Amino acid sequence: MKILYVNKVSPRLGGGAELRLKEIGRRLVKKGHQIYVISGKTESGLPDTEEIDGIKIYYIKTIPSFLFKFKKLSFYLSRYFFYLLSFWKIFEVSNKNNVDMIIDNISPSPSAAYFVGKIKGVPVIAIVHEYFGIKWFKLKDPITGFLGFFSEFFIKFAKFEKIITVSQFTKDCF
C-alpha cells in the first residue's frame, strides 16, 4: 500500500506526533508498504527531499530562510504557512506516487489533505492529537487557539474515512 502522511513538522525533528509518525512509518516500510511524508521546512537547512528509514519525505518551503534567525517568529510562521501552502504539494505527491490513502496528522489543524482526497477520490484518515474546545483560547496563543477551535468543528463535520485519536477523551469528543 502507498500511504501519504501530511504533518507540519518533519518526523526527524518534532515532538510526540512526529515520533509516532516516524515509528509507525518505519514499521510499515518493513512490512512492504511505501510511505511518503509531506512536511514544512520548519528549520533552516532542511533539504527539499530526504529519506529516513525508508520513508520518503518531501518538504515545503513555508518562509524565507533568513527568518529562521528569529526563533520564535519562524517557529510559528513556518507552521501556520504550512497549512496555507500544502495543497499543491499534497496534490503533486499523491499524483506522482499514486497513493492509496492520505493520513492527515492533525495538530492542531487539518491540512489541505481532506480536500485533495475528495478531489482525487482517495480516502483520507485524520489522526487527532488533542481536543480543547473553548480552552484553546486560554491554553494557546490567539492564532493557534483560533485554528484549533475552528478545526474541531471542521473535523466533526468533514467526512473523513476514519478518525484516529490518541486518547479515549479525544475520541469521546468526536
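Predicted model: local features only at pLDDT ≥ 70, side-chain atom pairs only at ≥ 80, totals over all residues.
User: What should I know about numbering and cut-offs?
Analyst: Residues are numbered from 1 along each chain as its sequence is written. Local features need pLDDT of at least 70, side-chain atom pairs count only at pLDDT 80 or more, totals for chains, interfaces and linings use all residues, and side-chain values use heavy atoms, without hydrogens or water.

User: At what angle do the axes of α2 and α3 cross?
Analyst: Helices are DSSP runs (H or I, at least four residues), numbered from the N terminus. Axes are lines fitted to C-alpha atoms over the stretch in contact, with angles from 0 to 180 degrees between N-to-C directions. Here α2 (residues 71-96) and α3 (residues 113-120) cross at roughly 45°, their axes coming within 9 Å.

User: Which residues make the contact?
Analyst: Contact means heavy atoms within 4.5 Å. From α2 come F87, I90, F91, S94 and N95; from α3, A113, F115, V116, I119 and K120.

User: How many cavities of 30 Å³ or more are there?
Analyst: On a 1 Å grid over the protein atoms alone, a cavity is a set of points where a 1.4 Å probe fits but cannot get out. Points join across faces, edges and corners; volume is the space filled by probe spheres set on them. The count is one. The largest cavity holds about 40 Å³.

User: Which residues line the largest cavity?
Analyst: Lining residues have an atom within 4 Å of a point. They are I106, P108, V128, H129, E130, W136, G148, S151, E152 and I155. Helix α5 (residues 142-157) gives the largest share, four residues.

Definitions and conventions: Helix = DSSP H or I, 4+ residues; strand = E, 2+ residues; numbered from the N terminus. 1 Å grid on protein atoms, 1.4 Å probe; cavity = no way out; pocket = protein on both sides within 12 Å on 5 of 7 lines; lining within 4 Å.
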